[in-house]
Amino acid sequence: MQIRTDLAMESRHLAENIQGVNCKTIRHGAIEETHVIIESDEAAEALSKAKGTYITLSCEGMWQADVAERSALMHALSSVLKGLLPPFGDILIIGLGNRHITADALGSRVLEGILVTRHMKNVISDSIQGRLRGVCAVAPGVLGITGIETAEMVKGVVEHTRPAALIAIDALAAREANRICTTIQVTDTGILPGSGVGNHRLGITRETMGIPVIAIGVPMVVYASVIARDGLSMLLDDMGMDQEAHEPAIEALVKKISARELGDMVVTPREVDVLVGRVASIIAEGLNMALQPRLSEEEISLLTHDSM
């Protein structure tokens, strides 16, 4: 069965015998930082991922982290982003997804906590103005609501604002349910809006935008077919039956159960509204720290509150 996931770390084992993939994992207390670098076309095809760097930050209790863990996550995300961002120039942040669907609203929720500064150059004190990086943000919505391809809309904003780089934020799909709201993936490969649920659109990448594109994503859903398959596999193991011998039957049964008339379904937790809000807050604060390194956390908090 094809592994259906947006996370490079979940599909990396497929490239164990393929040249062109480098992986390493670093542990920072409760946070696990995994780097997957895809260097060859062969590896990119095997993993169904674009060539580039994928960095994931995993924390089992991220959505309910205490003050210390929350601070550690924010600083870890900030450090990762600083390593990918250009040192100078304005930054454009794009919040992707449908804000009317909670599991797909991560992008717009993150933007609510971003310190946008492009419009503040003449309305703040000189002491802060010289330390402020220009940041603008937009949530373009989805094709089904706007009638405009998201990448086309973003391209127009890029041409008008001329940022040095673009950061795109979107909800992802994971292979394992325990990845939901516990993993943040950051990559320099850009993003395909809607890819998490198999709804591929024109990509938001360096090639299409003409500037570096950093994508930040958090798994919010898993495929129902994956959960069904895992359940059947566990049942066979408990019964002492050979899973490989029954693979065709498993595949056929999974398709029959999960596809049906509605197509392949995705599953998200019941508490997803709470999860999205808390994770969005961590990402927003980490972004603010990375984009405004010459401001203190207190100054960022004050300016963010005043600009709302």
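Let's start with the overall picture. The protein has 308 residues, and 48% of them count as buried. Its secondary structure comes to 12 helices and nine strands. Now the contacts.

Next, the inside. In soluble globular proteins, nonpolar side chains tend to be buried together. So what do we have here? The largest nonpolar core holds 53 residues. Three residues have the most contacts inside this core: Ile167, Ile283 and Leu287. Helix α11 gives the most, with 12 residues.

Look at Ile283 for a moment. Leave out residues up to four places away in sequence. Ile283 then touches Leu77, Leu106, Val110, Ile184, Ile216 and Val218. Apart from the 53-residue core, there is another core, made of 15 residues. Its members include Ala151, Leu166, Ile211 and Val213.

Stay with helix α11, please. Asn288 lies in this helix too. Is Asn288 buried or exposed? Its relative accessibility is 4%, so Asn288 counts as buried. The side chain of Asn288 has a polar partner. One of its polar atoms lies 2.9 Å from the backbone nitrogen of Leu115. Now set aside the neighbours of Asn288 within four places in sequence. The residues in contact with Asn288 are then Gly113, Ile114, Leu115, Ile300 and Thr304.

On to charges. How many salt bridges does a search of the whole structure find? The search finds seven.

First example: Lys51 and Asp41. Their closest N and O atoms are 3.1 Å apart. Lys51 sits in the loop between α2 and β3, while Asp41 sits in helix α2, so this pair ties together parts 10 residues apart in sequence. Lys51 is partly exposed, at 43% relative accessibility. Asp41 is exposed, at 54%.

Arg131 belongs to the loop between α5 (126–129) and β5 (135–138), and Glu299 to helix α12 (residues 297–307), so the pair ties together parts that are 168 residues apart in sequence. Arg131 is partly exposed, with a relative accessible area of 25%. Glu299 is partly exposed as well, at 22%.

Arg270 is exposed, with a relative accessible area of 75%. Glu271 is partly exposed, at 38%.

Now the backbone. Two residues deserve a look. Ser48 has a phi near 55°, which is positive in a residue other than glycine. Where is Ser48? It lies in the loop between α2 (41–47) and β3 (52–58). Lys51 lies in the loop between α2 and β3 too. Ser48 counts as exposed because its relative accessibility is 54%.

Cys181 also has a positive phi, about 60°, although it is not a glycine. Cys181 is placed in the loop between β6 (165–174) and β7 (183–187). What about its burial? Cys181 has 0% relative accessibility, so it counts as buried.

That brings me to the cysteines. How many disulfides are there? The count comes to zero. Cys23 is partly exposed, with a relative accessible area of 39%. Cys136 counts as buried, at 13%.

To recap. This is a predicted model with 12 helices and nine strands. The largest nonpolar core has 53 residues, and α11 gives the most to it. The structure has seven salt bridges and zero disulfides. Thank you.

Methods:
Residues numbered from 1 in each chain as written. Predicted model: local features only at pLDDT ≥ 70, side-chain atom pairs only at ≥ 80, totals over all residues. Heavy atoms only, no water. Helix = DSSP H or I, 4+ residues; strand = E, 2+ residues; numbered from the N terminus. Buried < 20%, exposed > 50% of the residue type's maximum accessible area, 1.4 Å probe, protein only. Salt bridge = Lys/Arg side-chain N within 4 Å of Asp/Glu carboxyl O. Core = buried A, V, L, I, M, F, W, Y, C linked by side-chain atoms within 4.5 Å. Contact = heavy atoms within 4.5 Å. Disulfide = S-S within 2.5 Å. Polar contact = N/O pair within 3.5 Å; in protein donor to acceptor, adjacent residues only side chain to side chain.
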